[in-house]
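Dear colleague,

I am handing over the structure below, and after it you will find my notes on what came out of the analysis. Please read them with the coordinates open beside you.

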Amino acid sequence: MRRRLGHCLGDRLGDRRWLGIALLAAIPLLAACTISNDPDGWAQPIAAEVEGRPVIIARVEDKLIGAIDLDRANAVVWMFPGAAAGRPESDDDDRPFPGLDDQVDAQGFYGAPATIGANDDEFVVADHNEGVVYAIRRDGSSARVLLDTGVPVIAGVVVADDARTIFVATTDERVYAIDTENPPLSVNDTEAFVWPPAEVEGRIWGTPALAHTETHGSLLIVPTMSGQVAALRTGDGTPAWTFVSGAGIASDVAIDGGLAFFGGFDRTFYALDIESGDLRWSAQGAHWFWTNALAVNGAVYAGDLHGAVWAWDAQTGAARWPEPFQAGERIRAQPALTAAGELVIITREGTLLAVDPETGAQIWGDPETPLRTSNRVLATPLVLDDGSLVISDDQGVLWRSRVGAGRVCQVYPDRNLECERLLDADRG
């Protein structure tokens, strides 16, 4: 890892006279090395239905996206690009996934799967390494290619209100608007796009967000690793406004109450007015913000890489807690608010904690005997209707926990049924 990191930085540092400047500029590069050396992805799991049964769509196993039915003994409904629904997986099966001309060499999925179609007929995912955007039939029977960008894609795909148009942001500073019912044959066929690919200043890692404004109509707010935030009109891709922060932005954009929220590598958290792009307020953190913000109930919560969790009034930026909550470990996953009103924090090392969202006081989680997964957690957890949390770790293992239950159980690929029995018994 050190040799790789040194190689990754070496070409950029150059003469020692520029070392200080280069170190400041290397913040996004350091993060880039992290992804390029371990591009498995951190796609957030989502809840869905396949043929009337609840499933979890998640990044699982070795860089795959799968539909997992936790109520079945054989939990895999389908696996992309592995086993299509109804087609047994075998070691000697070299056939392409149904609907595709060639085999898929997936190199990691970072963005959460998104649904398209009037009936959410397909799941859209973008492979990191090749930048190919796929649409997978809900039942896993086939897939199709929507776009081959030819460059890495880290940001999640954004779906417009019509459930037909999607926006794909890439690491070569471009944003594509695609009609999924009539996708372009090539990135060079600009006439086939909803609008010509828009260029922004900086590679795009964080997932953009849709915002509806009175002044500009619908906007796609795009964060970049140069620190620029660009608001593009979804009708034609032209910029409505731009904002420049102090450093790269790797987190997704959150929209709530007329504001856009995000944190940056300058240790600063921002709230922008979606109509004008003006800075409404900002707050200083203890380290980089790489965690996606949770904006809910008039508050916004975010963790930083120092392990601090911050809470602000969404409209004013006033601190809601006397002090930030100290998790003791770096935080990458977005906080999750449960129906029980507890803010669950999962650290990068997989430790689960919960705090009171009003006061920041710890509710459960013992540092002496931590409740944790076996692997690191980078993805936002999924909160199910029954109050369970589904957690996807960086090795593609799925876990289930319940607020205050004091246990976390592996549910895929191996399943700890005794742990789950006790977990559900603890529910009372």
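This is a predicted model: local features need pLDDT of at least 70, side-chain atom pairs count only at pLDDT 80 or more; totals for chains, interfaces and linings use all residues.

Aspartate 313 counts as partly exposed, because its relative accessibility is 25%, and partly exposed covers the range between the 20% under which a residue is buried and the 50% over which a residue is exposed. Leaving aside residues up to four places away in sequence, aspartate 313 touches Trp281, Gly298, Ala318 and Arg320. The C-alpha atoms of aspartate 313 and asparagine 297 are separated by 9.5 Å, with the two residues 16 apart along the chain.

Strand β19 (residues 268–273) pairs with strand β20 (residues 279–284) in the antiparallel sense, and the pairing runs over five bridges. Between the two strands of this hairpin there are five residues, and glycine 277 takes a positive phi near 80 degrees.

The next item is the disulfide, of which the structure holds one. The partners are cysteine 409 and cysteine 419, whose sulfur atoms are 2.0 Å apart. The pair links distant parts of the chain, ten residues apart, with cysteine 409 in strand β32 (residues 408–412) and cysteine 419 in helix α3 (residues 417–425). The torsion about the S-S bond of cysteine 409 and cysteine 419 is about -80 degrees, and the disulfide is therefore left-handed. Cysteine 409 and cysteine 419 are both buried.

Finally, there is the matter of pockets, which may be of interest for your own calculations. The largest pocket has a volume of about 650 Å³, and its lining is made up of 33 residues. Nearest to the centre of the largest pocket lie Gln44, Ala112, Thr207, Asp252 and Asn292. Strands β13 (209–213) and β21 (294–296) each supply at least two residues of the lining. Sorted by class, the lining of the largest pocket has 23 nonpolar residues, eight polar residues and two charged residues.

With kind regards

Technical notes:
Residues are numbered from 1 along each chain as its sequence is written. Side-chain values use heavy atoms; hydrogens and water are left out. On a 1 Å grid over the protein atoms alone, a cavity is a set of points where a 1.4 Å probe fits but cannot get out, and a pocket is an open set with protein on both sides within 12 Å along at least five of seven lines; lining residues have an atom within 4 Å of a point. Grid points are joined across faces, edges and corners, and a volume is the space filled by probe spheres set on the points. Helices (H or I, at least four residues) and strands (E, at least two) are DSSP runs, numbered from the N terminus. Ala, Val, Leu, Ile, Met, Phe, Trp, Tyr, Cys and Pro count as nonpolar, Asp, Glu, Lys and Arg as charged, and the others, Gly among them, as polar. A disulfide is a pair of cysteine sulfur atoms within 2.5 Å. Buried means under 20% relative accessible area, exposed over 50%, partly exposed in between (1.4 Å probe, protein chains only). Two strands pair if DSSP finds at least two bridges between them. Contact means heavy atoms within 4.5 Å.
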